[in-house]
Amino acid sequence: MVKDTLRRWLAERFDLEQIKGPLQAQIEKPLPKNVSWFHTFGSMSLFLFVSQVLTGILLLVYYRPTPGEAFESVKFIMTKATMGWLYRQIHAWGANLMVIIVFLHMLRTFVTGSYKKPRELTWVFGVMLFILTLVFGFTGYLLPWNQLAYWATTVGTEVAGAIPGAGEWIKTLLRGGESVSGETLSRFFVVHVIVLPWAVFFIVLFHLVLVRFQGIATLEPVGQEKKPKPGEGIPFFPHHVTKEGMVFYLLLGLLVTLAILAPFELGEKADPLQTPFAIKPEWYFLPMYQVIKYFPKLVGIFIVSLAPLFLFIWPFIDRSKERHPLKRPVAMTIGILVVLSLLVLGMMGYLSESKKTCPV
Ligand code: HEM
């Protein structure tokens with residue numbers, strides 16, 4: 001009854017038939033048969049981004065971005081605000097899980113050769129999203145203004161300062177002065193809550209429009225892909241959407257479980273005069289930190305800056321037509337070596353206790 005009235009009300013104002021057709025086509029669009037559970041990492045990344053935005057809005061109600069109030073406001077959220085402990089922990093765990101899931105999604109598209117023609121731009125937007133996810137983590141880490149965050153940011157920005165030529169300028173731009181201060185907090189806050197969410201929103205939009213228009217890649221070689229005809233393949237709705245609903249439910253369960261069983265501590269308030277015993281960046285920066293620590297200064301910076309560039313241009317380097325992983329031994333060997341190096345370097349970084357304030 002209400003539905004009919006609403007439909008009539010809308011039909012008197014808009015040409016519903018014109019909207020209904022393309023919408024229905026998108027919903028009913030069949031997906032290729034190779035679409036599996038691994039193809040839910042993309043929507044999981046989206047789920048986590050939305051969760052970060054929602055919990056971030058809740059955090060903003062009480063958070064204050066000044067050195068005098070930041071730490072106390074987070075403490076207030078964790079101890080006094082209604083359900084504050086829960087949404088703060090979901091936000092902190094969500095940030096970590098998002099790095100893992102976005103990386104796994106990138107790995108999946110790499111293994112299935114989905115970055116090849118005609119989807120090179122989808123990959124390029126994806127690399128931007130991966131980098132922005134890391135920047136989200138870097139800027140968010142400082143916001144509670146605790147010792148770990150303060151000193152990890154000091155180290156992180158010091159690394160930027162070692163870049164030949166523009167390094168000092170970048171460091172001052174990031175810090176807003178000589179050292180990490182209230183000015184840095186303000187800058188990181190604006191980037192974290194305004195610039196990054198909108199940038200990610202629009203890039204995700206472009207990414208998804210491309211995915212929808214070009215369809216999910218099959219494992220057939222470039223130029224020989226056959227789009228599934230209506231009635232063939234896997235229906236997007238309800239089959240794939242049900243799978244996505246299931247993984248969202250599991251992710252939410254995982255977030256709440258981690259928030260309860262393994263909460264992130266707030267630690268001590270930042271003290272610019274007291275260097276803590278061990279300064280560690282967040283785990284996902286450990287491989288990079290290790291490279292900078294072990295290679296001569298400029299070589300380390302060179303390797304670390306080259307990595308994102310290499311990721312961006314990868315679809316234009318690997319121009320072979322094969323998509324099946326077993327038919328791409330060179331690409332797969334490079335992929336496996338990169339993943340193993342990241343794991344080994346990350347583990348080495350985790351195990352090495354460092355007293356230094358700066359590896360460079
Ligand atoms: C916030 C981050 C991201 C979101 C929300 C996102 C979302 C999605 C979704 C929903 C899909 C379709 C389903 C699927 O294939 O899983 C997709 C496909 C794709 N994504 Fe992402 N993505 C993100 C990051 C990335 C990254 C980091 C890369 C690689 C560098 C990437 C590359 C691709 C490619 C190449 C496809 C096409 C897959 C195919 O046709 O088989 N995405 N993305």
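Is Lys226 buried or exposed? Lys226 counts as exposed, because its relative accessibility is 57%. Here buried means under 20% relative accessible area, exposed means over 50%, and partly exposed lies in between (1.4 Å probe, protein chains only).

This is a predicted model: local features need pLDDT of at least 70, side-chain atom pairs count only at pLDDT 80 or more, and totals for chains, interfaces and linings use all residues. Residues are numbered from 1 along each chain as its sequence is written, and side-chain values use heavy atoms, with hydrogens and water left out.

Lys226 has a partner. Glu220 forms a salt bridge with Lys226, and their closest N and O atoms are 3.4 Å apart. A salt bridge is a side-chain nitrogen of Lys or Arg within 4 Å of a carboxyl oxygen of Asp or Glu. By this rule the count comes to nine salt bridges. Glu225 forms one with Arg119, with the closest N and O atoms 3.1 Å apart. Glu225 lies in the loop between helix 9 and strand 2 (234–235) and Arg119 in the loop between helix 5 and helix 6, so the pair ties together parts that are 106 residues apart in sequence. Helices (H or I, at least four residues) and strands (E, at least two) are DSSP runs, numbered from the N terminus. Arg119 counts as buried, at 7% relative accessibility. Glu225 is partly exposed, at 25%.

Now turn to helix 9, residues 182–214. His192 is found in this helix. His192 counts as buried because its relative accessibility is 12%. Not counting residues up to four places away in sequence, His192 touches His91, Phe136, Thr139, Gly140, Leu143 and Pro197. Contact means heavy atoms within 4.5 Å. Val195 is also found in helix 9. Val195 counts as partly exposed, at 44% relative accessibility.

Next comes helix 12, residues 297–317. Helix 12 has 21 residues and reaches 28 Å from its first C-alpha to its last, close to the 30 Å expected at 1.5 Å a residue. The expected span is 1.5 Å times one less than the number of residues. Helix 12 bends by about 40° at Leu311, and a proline, Pro315, follows within four residues. The bend is the angle between axes fitted to the seven residues ending at a residue and the seven starting there. The buried residues of helix 12 are Gly300, Ile301, Val304, Trp314 and Pro315. These residues pack against helices including helix 5 (84–111) and helix 13 (329–351).
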